[in-house]
Amino acid sequence: MNNDKLAHSDKLYDELSHLIEQSKSQVTTQLNSGIIMLYWLIGGRINADILQNQRADYGREIVVTLSRQLVKNYGRSFEEKNLRRMMQFSDQFVDKGIVVTLSRQLSWSHILVLLPLKTMEAKLYYAGVVNKDKIGVRSLRKSILNKEFERRTIANLQNVSNHPAIHNNFKDPYFLDFLDLKDTYLEKDLEAAILRELESFILELGKGFAFVERQKRMIIDGQDFHLDLLFFHRTLRRLVAVELKLGKFEAKYKGQMELYLKWLDKYEKKEGELPPIGLILCAESSREQIELLEMHKDGIMVAEYWTELPSKIELEKKIHNILMEARERISNKNLLE
């Protein structure tokens, strides 16, 4: 076979391979969607039968009996524990439209991870993360364990003006335990540790962040200013200025960040980009001050960072308390207006 025929054959092979892979992907998606809808229907039918009979003992008995019959004819997917998961799935997700959407975006294994979550808001948030970021079950479990939904909710509660670049793109607090910092460290140590673990830091920030520069020099009125870290967010199409602070948040940090953002907007923003936004990371945030300063209106997010994580139980308690306090402050503020 001469070179021209070989090249033609290779090109045709590539095209046919693409068609085959595309078809296999579509078949897999359709099969997965069909299975999830089947499980939802099965769970709903069993729930309806049990509800109609209104006897707890009947419910236990019928699930065991059905499981034995179904396993015998259709395999282990219909073991008792799986039937109960199907019942739980149908009980929690009553809207068929939502289930249809989930069936196209998630696997049954993803859905099983979502079932123990306490609120539908949390379930749908993580379902959206799976769909948007195409993450597997292990990554989903890690996001849930790290309280990503709760931390984004806390950050969003600051954003009472609904600044579009802040909503759902930041967290509070950030977990920087991977930096392995000792009890005492300086801001430059924190910055150096972040740069050493830049990939992990960007993963904690979230999807879309790209590192641009450290200690960004700005000359204003003949005076040197230096921004700790500068990123670009590909989805938001904005520069993101990050300032690192060791202690508690102070009101003066707002003016400093506003100055940096105006300079970046004037001298660094490229054609087609939107105005820069800022993230101030503090060892401890003054949440009432932050809300009074309404920093979100100027595109500034303030968040705590934790270099050491408590135990799982303690972490859940702390995050829950921060979330409840934030909601209470917002509620009280609305009552006063």
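**Rings and charges**

Modeller: Let's start with K245, which lies over the face of Y253 at 4.6 Å from the ring centre. This is a predicted model, where local features need pLDDT of at least 70 and side-chain atom pairs count only at pLDDT 80 or more, while totals for chains, interfaces and linings use all residues. Residues are numbered from 1 along each chain as its sequence is written, and side-chain values use heavy atoms, with hydrogens and water left out.

Colleague: What makes K245 a charge over the ring of Y253?

Modeller: The rule asks for NZ of Lys or CZ of Arg within 6 Å of the ring centre and within 35 degrees of the ring normal. At 4.6 Å, K245 meets the distance limit, and it lies over the face. The charged end of R151 likewise sits over the ring of F175, 3.9 Å from its centre.

Colleague: How many aromatic pairs are there, and why is the one of F249 and Y253 called edge-to-face?

Modeller: There are 16 aromatic pairs. F249 and Y253 are 5.8 Å apart centre to centre, with 75 degrees between the planes. Rings of Phe, Tyr and Trp (its six-membered ring) pair if their centres lie within 6.5 Å; planes under 30 degrees apart are stacked, over 60 edge-to-face and the rest tilted. So 5.8 Å makes F249 and Y253 a pair, and 75 degrees makes that pair edge-to-face.

Colleague: How do you know whether F249 and Y253 are buried or exposed?

Modeller: Buried means under 20% relative accessible area, exposed over 50%, and partly exposed in between (1.4 Å probe, protein chains only). F249 is at 3% and Y253 at 11%, so both count as buried.

Colleague: What makes β2 and β3 a strand pair?

Modeller: Strands (E, at least two residues) are DSSP runs, numbered from the N terminus like the helices (H or I, at least four). Two strands pair if DSSP finds at least two bridges between them. Ten bridges join β2 (residues 209-220) to β3 (residues 223-233), so they pair, and they run antiparallel.

Colleague: Which classes make up the lining of the largest cavity?

Modeller: That lining has four nonpolar, one polar and four charged residues. Ala, Val, Leu, Ile, Met, Phe, Trp, Tyr, Cys and Pro count as nonpolar, Asp, Glu, Lys and Arg as charged, and the others, Gly among them, as polar.
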